[in-house]
Amino acid sequence: LAKNKRLTESLKQKVFDIQNNESTFIASHINPTYIYDTLNIIKNSIEKDQDQVDILIQSMSKYLRHTFDYATTNNIYSYKDELELCYAYKNMITAKYPFIKINFDVSDFVPNTRIPMFSIMSLIENSVNLTVKKVLHPEIDVKIYSEHDSVTFSVTDNGIGMSKDEIEYCLEHPLENLAYGIYQTNQLLIDKCNSKLQINSV
């Protein structure tokens with residue numbers, strides 16, 4: 001128990017260090033609300049659910065490590081590394097919102113594609129923000145598959161959707177209320193992968 005309490009304090013210090021980092025990009029990925037909520041869940045579960053404590057501590061460590069890694073890489077890495085980040089984020093966010101479902105369907109035949117850091121996670125986070133308080137049973141599906149010499153990364157949710165004008169605006173303008181945002185993800189895909197986001201809403 002004492003070891004876990006020390007780890008919790010260490011994680012709090014890491015959050016503080018990142019939030020005071022000169023890079024606003026890095027700081028923008030640290031949502032103080034759900035991170036401190038996760039730390040509180042860890043604190044309250046130490047004597048009741050050790051398995052959950054272990055999962056959350058490992059998830060937060062991976063999440064924060066990836067955030068620190070942004071400062072020391074060229075901002076692009078294997079999609080498998082991005083998936084590790086996404087799984088960690090899922091564990092943290094579902095601990096806060098047990099009623100939300102985040103499903104992953106990853107093909108076994110996807111080549112080791114390199115993508116911008118946070119590109120999938122930011123879309124999942126966007127879906128969480130737009131569904132968790134707006135639909136009764138929020139559900140997000142993440143699919144990764146290879147087809148016709150290309151790799152598709154798909155994030156869908158059961159939210160209320162967007163109009164055509166809203167979609168076009170999101171792709172062309174940064175929106176502060178969407179965390180890292182659709183605009184920034186699209187720009188990274190254009191700049192680093194010669195690709196772009198495709199948004200469909202029904």
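Guide: A salt bridge is a side-chain nitrogen of Lys or Arg within 4 Å of a carboxyl oxygen of Asp or Glu. The model discussed here is predicted: local features need pLDDT of at least 70 and side-chain atom pairs count only at pLDDT 80 or more, while totals for chains, interfaces and linings use all residues. Residues are numbered from 1 along each chain as its sequence is written, and side-chain values use heavy atoms, leaving out hydrogens and water.

Visitor: How many helices and strands does the chain have?

Guide: Helices (H or I, at least four residues) and strands (E, at least two) are taken as DSSP runs and numbered from the N terminus. Starting from that terminus, the order of elements is α-α-α-α-β-α-β-β-α-β-β-α-α. The chain therefore reads, under the DSSP definition, as 8 helices and 5 strands.

Visitor: Which residue forms a salt bridge with Asp37?

Guide: Side chains of opposite charge can pair when their charged atoms come close. The structure holds 2 salt bridges. In the one that involves Asp37, the closest N and O atoms are 3.0 Å apart, and the partner is Lys96.

Visitor: How many residues apart in sequence are the parts that Asp37 and Lys96 tie together?

Guide: Asp37 belongs to helix H3 (residues 32–45), whereas Lys96 belongs to helix H5 (residues 79–96). Relative accessible area sorts residues into buried (under 20%), exposed (over 50%) and partly exposed in between, with a 1.4 Å probe and protein chains only. Asp37 at 25% counts as partly exposed, and so does Lys96 at 24%. Because the two residues lie in H3 and H5, the pair joins parts of the chain whose separation in residues is 59.

Visitor: How far apart are the closest N and O atoms of Arg65 and Glu84?

Guide: Arg65 has a relative accessible area of 38% and is partly exposed; Glu84 is partly exposed as well, at 27%. These two residues form a salt bridge in which the closest N and O atoms have a separation of 2.9 Å. The pair links distant parts of the chain, Arg65 in helix H4 (residues 50–69) and Glu84 in helix H5, 19 residues apart. To restate the distance between the closest N and O atoms, it is 2.9 Å.

Visitor: What kind of aromatic pair do Tyr87 and Phe104 form?

Guide: Rings of Phe, Tyr and Trp (its six-membered ring) pair if their centres lie within 6.5 Å; planes under 30 degrees apart count as stacked, over 60 as edge-to-face and the rest as tilted. The whole structure has 3 aromatic pairs. Tyr87 lies in helix H5 and Phe104 in strand E2 (residues 101–106), so this pair ties together parts that are 17 residues apart in sequence. With 4.6 Å from centre to centre and 65° between the planes, the arrangement of Tyr87 and Phe104 is edge-to-face.

Visitor: Is Phe118 buried or exposed?

Guide: Phe118 is found in the loop between E3 and H6. Its phi is near 70°, a positive value in a residue other than glycine. At 1% relative accessibility, Phe118 counts as buried.

Visitor: Is Asp149 buried or exposed?

Guide: Asp149 is in the loop between E4 and strand E5 (150–157). Although Asp149 is not a glycine, its phi is positive, about 65°. Its relative accessibility is 86%, and Asp149 therefore counts as exposed.
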